[in-house]
Amino acid sequence: MAAEYPDIDIAPYIDHTLLIPTATSEQVEQWCEEAERFQFAAVCVYPAYVRQAAELLHGKKPKVCTVIGFPTGATTSAVKLYEAQEAVENGATELDVVINLGWLIAGKTDEVHKEIAEICEETGQTVKVILETNLLTDAQKRLAAEICMDAGASFLKTSTGWNGGATVADVQLLYEVARDRAAIKASGGIRTIDQALDLIMAGATRLGTSRGVDLLRQRDTLEKSK
């Protein structure tokens, strides 16, 4: 499928992601330099590195993104809100927030809505809700998407990458549910240019991946083979 779309520039779709537990300041510097060089959409780092990333990318095009309640979503709402507010104070302009999956599955939809709405309202920044689609039924995915869009989320994001990755089917489902009310971010397990392009064609406008530079190299190879 991907070979049919050779003219897509994937760099503006990429959230250049560094969310390994052993991430260092030196790697954050490298990721920020690469994001600026290749004009990726954003760099996504742990909250502890937001201030550094914001300083390195000050006045530059790539945005600073961080994760909230990562990777389980099971911290308290107060902790998530504080984490989000501190991240914004440190320079983050995009927040990838893991929803409380236990609440969703148990039918505590009001709690899910309130938590996301509070973060959206109090920070005023772009919120991408991580639904962890691999752990949900299609009905639960649709329900979660509706709740989070009603709460003010700007993006529906497939996965943390800790419980499986993005699939074309899930991106298509979320895209159909969103109906232009929210954008779609595919994340987790995106290792090849074919995967990246297929996810974009399915409706993703952001790709969360640590392999952005490699994907561009693959892209160059694909173009040369045409």
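Predicted model: local features only at pLDDT ≥ 70, side-chain atom pairs only at ≥ 80, totals over all residues.
**Entry 1: α7 and α8**

Helix α7 covers residues 168-178 and helix α8 covers residues 193-202; I read an angle of about 20° between them, with their axes 8 Å apart. Angles under 35 degrees count as roughly parallel, so I noted α7 and α8 as roughly parallel to each other. Their crossing is right-handed.

Next I looked up who touches whom. From α7 come V168, V171, Q172 and Y175, and from α8 come D198, L199 and A202. Sorting the residues of this contact gave me 5 nonpolar, 1 polar and 1 charged.

**Entry 2: α5 and α6**

How do α5 and α6 pack? I found helix α5 (residues 109-123) against helix α6 (residues 138-150) at an angle of about 40°, with their axes 8 Å apart. That angle makes α5 oblique to α6. The crossing of α5 with α6 is right-handed.

On the α5 side I listed T109, V112, H113 and I116; they meet L143, I147, C148 and D150 of α6. This contact has 5 nonpolar, 2 polar and 1 charged residues.

The largest nonpolar core here has 77 residues. Helix α8 supplies the largest share of this core, with 6 residues. I10, L95, I99, V129 and L156 have the most contacts inside the core.

I then followed one of them, L156. Setting aside neighbours within four places in sequence, I found L156 in contact with V129, A145, C148, M149, L174, A178, A182, A183, I184 and K185.

Terms used
Residues numbered from 1 in each chain as written. Heavy atoms only, no water. Axes fitted to C-alpha atoms, helices over the stretch in contact; angles between N-to-C directions. Helix = DSSP H or I, 4+ residues; strand = E, 2+ residues; numbered from the N terminus. Parallel < 35°, antiparallel > 145°, perpendicular 65-115°, else oblique. Left-handed = near helix turned anticlockwise from the far one by under 90°. Contact = heavy atoms within 4.5 Å. Nonpolar A, V, L, I, M, F, W, Y, C, P; charged D, E, K, R; others polar. Core = buried A, V, L, I, M, F, W, Y, C linked by side-chain atoms within 4.5 Å. Buried < 20%, exposed > 50% of the residue type's maximum accessible area, 1.4 Å probe, protein only.
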